[in-house]
Amino acid sequence: MKKLNIGMIGYGFMGRAHSNAYCKVNHFFKLDHQPVLKAVCARNADKARAFAENWGYESVETDWRKLVARPDIDVIDIGSPNNTHLEIALAAAKAGKMILCEKPLAMNLAEARQMTAAVEAARVPNMVWFNYRRVPAISLARQVVDEGRIGKPFHYRATYLQDWTISENVPQGGAALWRLDVDAAGSGVTGDLLAHSIDTAIWLNGPITRVVASTETFVKERIHQETGKKQPVGIDDACMFLARFANGSMGTFESTRYARGRKNFNTFELNGADGSVYFDLEDPHRLEFFEYKTPAGQKVDDHLTGWRSIHVSNFEHPYMDKWWVPGTTIGYEHTFVHALADFLKGLGTGQPARPTFRDALQTQAVCDAVLQSARTNQWEIVPEI
């Protein structure tokens, strides 16, 4: 196998998820490339060294510029806060490195356009870690759509609910809570959670053309961990929006971090003339499917019509032939292994794994339109990418 030297930027939640994928992918997928944990980069040298020792990285850098410049690094993996993505991606593309980037792609559409232009001009392989596409049940939903089992789509509805910021005592900023700091994150639930929902919706149901939205920040001020001072909260705690898709269907999206009891409640439902699918990430090994007509156009017997709950663990289901016997399940971390496997496979076939930066640019355009609509209280057209 060809060695592929990884330069990981960031040692937080995503740094661990990505590193686990690098360690596991070749044990379960037959590929032409093998990731090598060459270097991890973070500002805190002590924490970076501890991370490197735990995961097996060969070296540590505290300046991402040095990491990008190293000739022994093939892939730059951007797992750092959103406000760092642009500069790192531009430098990595200029250096001819492959780039894997956490979502959202950028702080805003303008930055995302620059990043996409840079990787395409440099012709470097690139992918954005919208890992939920690789949940086997969601991949199966895409297969159901592609097989024509949904028919003409009418409705798409998505929710992404959490509850971890309800307390006013939760601070903003710093290494752990930068997602609550607008200067580091760019937006709140729109970029952090709804970006996932939007990416999945576009993947399953096609482009979103216009939106109308409303956002709310429930706690107006929070202590900033780095300054110790209370300052205004600039991110959106909650967002709801209506959408129209290019195929004529209607969409509703809701996200909040103030849904008491919801930890990572990520759901979608697609209703069409011939069938429907429903998914809940908190029950990730199941896809709910309602079939009214078969792909051959035959109507299902009325006395047998009803929702079926498909346990997505058979060898015939997406990715599941690489894991355990039918009836057993896999978890969140496996979605990153699947994404990485697809990326590495794409290097060998010349067919880039998606979502690429250009795909993520489309999601960024919707996010920006949502936030703009919340400011104007009007329908906003999503710019064509």
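Modeller: Begin with a definition: a salt bridge is a side-chain nitrogen of Lys or Arg within 4 Å of a carboxyl oxygen of Asp or Glu. Keep in mind that this is a predicted model.

Biologist: How far apart are the closest N and O atoms of Arg-358 and Glu-120?
Modeller: The cut-off for a salt bridge is 4 Å. Arg-358 and Glu-120 do form a salt bridge, and their closest N and O atoms are apart by 2.7 Å.

Biologist: Which parts does the pair of Arg-358 and Glu-120 tie together?
Modeller: Arg-358 is partly exposed at 35% relative accessible area, and Glu-120 is partly exposed at 37%. The pair ties together parts that are 238 residues apart in sequence, because Arg-358 lies in helix 11 and Glu-120 in helix 5. The parts asked for are helix 11 and helix 5.

Biologist: Is Arg-70 buried or exposed?
Modeller: Arg-70 forms a salt bridge with Asp-72, with the closest N and O atoms 2.9 Å apart. Asp-72 has 29% relative accessibility and so counts as partly exposed. Buried means under 20%. Arg-70 has a relative accessible area of 14%, so Arg-70 is buried.

Biologist: Which residue has the backbone oxygen that the side chain of Lys-103 reaches?
Modeller: Lys-103 sits in the loop between strand 5 and helix 5. At 9% relative accessibility, Lys-103 counts as buried. A network of salt bridges links Lys-103 with Arg-179, Asp-192 and Arg-257. The backbone oxygen that the Lys-103 side chain reaches, at 2.6 Å, belongs to Asp-192.

Biologist: Why does Asn-131 count as buried?
Modeller: Asn-131 is in the loop between strand 6 and helix 6. Leaving aside neighbours within four places in sequence, Asn-131 is in contact with His-196, Tyr-332, Thr-335 and Phe-336. Buried means under 20% relative accessible area. Asn-131 counts as buried because its relative accessibility is 2%.

Biologist: Which residues touch the most other members of the largest nonpolar core?
Modeller: That core has 71 residues. Apart from it lies another core of 32 residues, Phe-336 among them. In the largest core, the residues that touch the most other members are Ile-208, Phe-241 and Phe-253.

Biologist: Which strands stand at the edges of the open sheet?
Modeller: The sheet has 9 strands in the order 16-15-14-13-7-12-11-8-17, with mixed pairing. An edge strand has a single partner strand, so one side is left without a neighbour in the sheet. The edge strands are strand 16 and strand 17.

Biologist: Which residue is the bridge partner of Phe-289 in strand 16?
Modeller: Strand 15 and strand 16 run antiparallel and are joined by 5 bridges. The partner of Phe-289 in strand 16 is Arg-308.

Biologist: At about what angle to strand 8 does helix 11 run?
Modeller: Helix 11 covers residues 357–376 and lies across strand 8, strand 11 and strand 17.

Terms used: Residues are numbered from 1 along each chain as its sequence is written. This is a predicted model: local features need pLDDT of at least 70, side-chain atom pairs count only at pLDDT 80 or more; totals for chains, interfaces and linings use all residues. Side-chain values use heavy atoms; hydrogens and water are left out. Helices (H or I, at least four residues) and strands (E, at least two) are DSSP runs, numbered from the N terminus. Buried means under 20% relative accessible area, exposed over 50%, partly exposed in between (1.4 Å probe, protein chains only). Contact means heavy atoms within 4.5 Å. A nonpolar core is a set of buried Ala, Val, Leu, Ile, Met, Phe, Trp, Tyr and Cys residues joined through side-chain atoms within 4.5 Å. Two strands pair if DSSP finds at least two bridges between them. Axes are lines fitted to C-alpha atoms, for helices over the stretch in contact, and angles run from 0 to 180 degrees between N-to-C directions. A polar contact is a pair of N or O atoms within 3.5 Å; within protein, one must be able to donate a hydrogen and the other to accept it, and residues adjacent in sequence count only if both atoms are side-chain atoms.
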